[in-house]
Amino acid sequence: MGLVKGATHRHFIWTAMDATTKIFPVWHIGSRKLQDAQLVIYQLKSRLKNDHIPIFTSDHLRHYFSALCSHFGVYRRELGHRDLVWRVSSKLLYAMLIKVRSGKRLHYTITLP
């Protein structure tokens with residue numbers, strides 16, 4: 001995902017890329033909102049084989065969890081929880097890169113598995 005320069009409003013380019021072929025099965029221009037995350041993950045899921053679960057890397061946008069759970073997870077009752085909870089498929093490989101900045105200066109990055 002990247003910011004579109006020169007745009008009058010803040011627009012972001014969302015992409016999904018196949019690591020082997022370098023093909024982009026999904027790209028979307030939008031904002032950083034839940035509906036955009038849902039749309040991108042929905043389009044990706046619709047273009048994959050039924051049993052295929054992708055490797056997913058992202059920045060620290062909170063909407064990814066909801067989008068990934070709704071397409072690659074289950075909503076179930078668990079011990080110790082009164083209500084149903086979302087759980088991402090254990091087959092989904094997910095990594096996150098968090099950039100820590102002060103103004104425009106990058107101080108350091110954190111990679112979470």
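Helix 1 and helix 2 cross in a right-handed way, meaning that the near helix is turned clockwise from the far one by less than a right angle. This is a predicted model, where local features need pLDDT of at least 70, side-chain atom pairs count only at pLDDT 80 or more, and totals for chains, interfaces and linings use all residues. Numbering runs from 1 along each chain as its sequence is written, and side-chain values use heavy atoms, with hydrogens and water left out.

**The helix pair**
- On the helix 1 side, L34, A37, Q38, I41, Y42 and K45 make the contact (heavy atoms within 4.5 Å).
- Their partners in helix 2 are H63, S66, A67, L68, S70, H71 and F72.

**How helix 2 is enclosed**
- Helix 2 is largely enclosed by the rest of the structure, because seven of its ten residues are buried (under 20% relative accessible area, 1.4 Å probe, protein chains only).
- Those buried residues are H63, Y64, A67, L68, C69, H71 and F72.
- Their cover includes helix 1 plus strand 2 (12-16), strand 4 (55-58), strand 5 (73-76), strand 6 (85-88) and strand 7 (93-102).

**A look at H63**
- H63, in helix 2, counts as buried at 14% relative accessibility.
- Leaving aside residues up to four places away in sequence, H63 touches R32, K33, L34 and A37.

Technical notes. Helices (H or I, at least four residues) and strands (E, at least two) are DSSP runs, numbered from the N terminus. Buried means under 20% relative accessible area, exposed over 50%, partly exposed in between (1.4 Å probe, protein chains only).
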